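Here is a friendly walk through one model, arranged so that you can follow along in your viewer. Please keep the structure open while you read.

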Amino acid sequence: MEIYAHEPLGFDGFLVRVEADIRNGIPAVEIVGLASTSVREARERARIAVRNAGFEFPQDRILVNLSPADLPKEGSAYDLPIALKILSQSGQIADVPFPVLAMGELTLEGEIQPVRGILPAARAAAEKGIGTCIVPIENASEAMVVSSMQVWPISHLSQARQILIALREGEKPGMFLDGTLLGHGFGHDLQADSAPDSMPDSHMNYSPGAWEHEQSLDFRDFKGDEKFIRALVVAAAGGHNMFLAGPPGAGKTMAANRFPSLLPDLEVTEALDTASLYSLWGQKQARFTKRPPFRAPHHSASLEGILGGSKPLRPGEVSLAHHGVLFLDECPEFRRDVLQALREPVERGYVDIVRAGRVIRFPSDFQLIMAANPCPCGNLGIPGKTCLCTPEEIRRYWKKLGGPLLDRIDMRVAVVPPGPSRLLRAQSISHSDLQKKVLNARIQQRERLQRADARNARTNARIPPGHISELCKVTGNAEKLFLSGVSSYGFSARAGHSILKVARTIADLDGHQEIGESAIEEAIEYRQLGDGDAIWPG
């Protein structure tokens, strides 16, 4: 029987074939194939768990090989496949004529504990033609998302004999483990390869800790002015990165926390990719949602926590925000190296982590929102308040952001605190109308990008440089206004492209096929804050 495990090295990982040889000799178990300490310890866990599950552990010399042998293996998910392979080789469980994926951690009593990375493992196995997996019962719903995978949940090693007999006789998972219904139909509407247009509601449950955002928040209770809300809608419609500057209490954090409510639902493949990243991160009982993820790490976060890393290798905040929003509140308080490390993933949509000559890639196509005060004390430019900061302190405060990072931010918005009268007045803006505007603009973008064969781009913010002249064409007075604006403000080439892409989004929101003067003027206005000495309007 061919048994495979999965090593979650990067987003895709790789399948590991588990082989075992039992021969006469001094009783011992040896595991080869670049196994880490946690994997080598599986021999002791398997030895005791096999006995406590009612089997006999072979009193012979056992060699376990994990192939491919030149790639490192880590974690406790190899416990179950190693135990199953030894039991199969010793003839204590039935042999099946097809490959099986198995993952799970063993306790000494023989219980099977959940492990991380089940969803990407099931997806990788399905791509290689493996249609059966045996996983911990807590991870079963996660694996069942892959419709081509026949999932056999297991809670104790003693159930292995019954499962393998059922597999050999061609049975399907059903009501046989502790009387629990484990039907195979659950999750079959989710197919990563066929990518249906809808996702069953049974998979859309919100799980606390899965996304760090309360999906119920929206702009119905938001008291910001119309100009600020307009900027938020533009950013949501085009997927543009945004920088918010304003005094404490102006509404920056409140607006950012509600920003994901403007975004449309994820497509099925996008939701599966995001769920896979959370599974790799260590969420062992995954819940799936079509809502974009929202991550707001604390400013004390380390470089590894933001980009990914640690041991074993896990995705960072930039990847956990994939297809969603990464919000950095009080961004000048983050370490400078952390902020500057965001430049590559913001522009590329992925992050490469180099470890011991190996490059590990995680996707990180997120929308960045940063918020900051205009100065360390927060009072710069605010009527009726006195700024106590020296020019050098203000310069040092903004210098932490750095020009190269700010140059990658399409929109910079000065957030002015709402007046007392607005705080008392009922909100007249319809949140559903804002959502419809964003959705309609996204639909226009998608159709335009498909016609231009820019399939890797989902929004205007991701229009490739080679397609900008075609998709963001300006003529006449709009062209003159663009050229004079870029020249007078000394914008970089990247900033010029950014202005065109934001203007394209503004035209989409306003229902215009052509980019007009008003769109260019508004896009330039969004670009001015933070360039040179313009750290606060006026």
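The notes below go through a sheet, a pocket, a helix, a hairpin and some local details.

This is a predicted model, so every value here is computed from predicted coordinates.

- Strand 14 covers residues 325-328, and both of its faces are covered.
- On one side of strand 14 sit Val325 and Phe327, on the other Leu326 and Leu328, and all of them are buried.
- In a regular strand, side chains alternate between the two faces of the sheet.
- Strand 11 (residues 294-295) runs parallel to strand 14 and is joined to it by two bridges.
- Across that pairing, Phe294 has Val325 as its bridge partner, while Arg295 stands opposite Leu326.
- Strand 14 also pairs with strand 17 (residues 367-372), again in the parallel sense, over four bridges.
- Here Val325 has Gln367 in strand 17 as its bridge partner.

**The largest pocket**

- How much space lies in the largest pocket?
- Sorted by class, the lining has 17 nonpolar, 13 polar and 17 charged residues.

**Helix 17**

- Helix 17 has 21 residues and reaches 31 Å from its first C-alpha to its last, close to the 30 Å expected at 1.5 Å a residue.
- Which residues of helix 17 are buried? They are His431, Leu434, Val438, Ala441, Arg442, Gln445, Arg448 and Leu449.
- Seen down the axis of helix 17, these buried residues fall within an arc of 130 degrees, so they line one face of the helix.
- An α-helix has 3.6 residues a turn, so residues three or four places apart point the same way.
- Lys436, Gln450 and Arg451 are exposed residues on the face of helix 17 turned away from its buried side.

- Strand 15 (residues 350-355) pairs with strand 16 in the antiparallel sense, over six bridges.
- Within this pairing, Val354 stands opposite Val359 in strand 16.
- The two strands form a hairpin with two residues between them, and Ala356 in the turn has a positive phi of about 50 degrees.

**Backbone details in loops**

- The peptide bond from Ser67 to Pro68 is cis, with omega near 10 degrees.
- Pro68 is placed in the loop between strand 4 (61-67) and helix 3 (79-89).
- Leu34, a residue other than glycine, has a positive phi near 55 degrees.
- Leu34 lies in the loop between strand 3 (28-32) and helix 1 (37-40), and its 48% relative accessibility makes it partly exposed.
- Glu330 also has a positive phi, near 50 degrees, in a residue other than glycine.
- The loop that holds Glu330 runs between strand 14 and helix 12 (336-340), and with a relative accessible area of 27% Glu330 is partly exposed.

**Two pairs separated along the chain**

- Arg43 is in helix 2 (residues 42-52) and counts as partly exposed at 29% relative accessibility.
- Arg43 and Tyr78 are 35 residues apart along the chain, and their C-alpha atoms are separated by 9.9 Å.
- Is Asp407 buried or exposed? At 14% relative accessibility, Asp407 counts as buried, since the cut-off for buried is under 20%.
- Asp407 is found in the loop between helix 15 (403-406) and strand 18 (411-414).
- Asp407 and Arg343 are 64 residues apart in sequence, and 9.4 Å apart in space from C-alpha to C-alpha.

Notes
Residues are numbered from 1 along each chain as its sequence is written. This is a predicted model: local features need pLDDT of at least 70, side-chain atom pairs count only at pLDDT 80 or more; totals for chains, interfaces and linings use all residues. Side-chain values use heavy atoms; hydrogens and water are left out. Buried means under 20% relative accessible area, exposed over 50%, partly exposed in between (1.4 Å probe, protein chains only). Two strands pair if DSSP finds at least two bridges between them. Ala, Val, Leu, Ile, Met, Phe, Trp, Tyr, Cys and Pro count as nonpolar, Asp, Glu, Lys and Arg as charged, and the others, Gly among them, as polar. The expected span of a helix is 1.5 Å times one less than its number of residues. The arc is that of the directions from the helix axis to the C-beta atoms.
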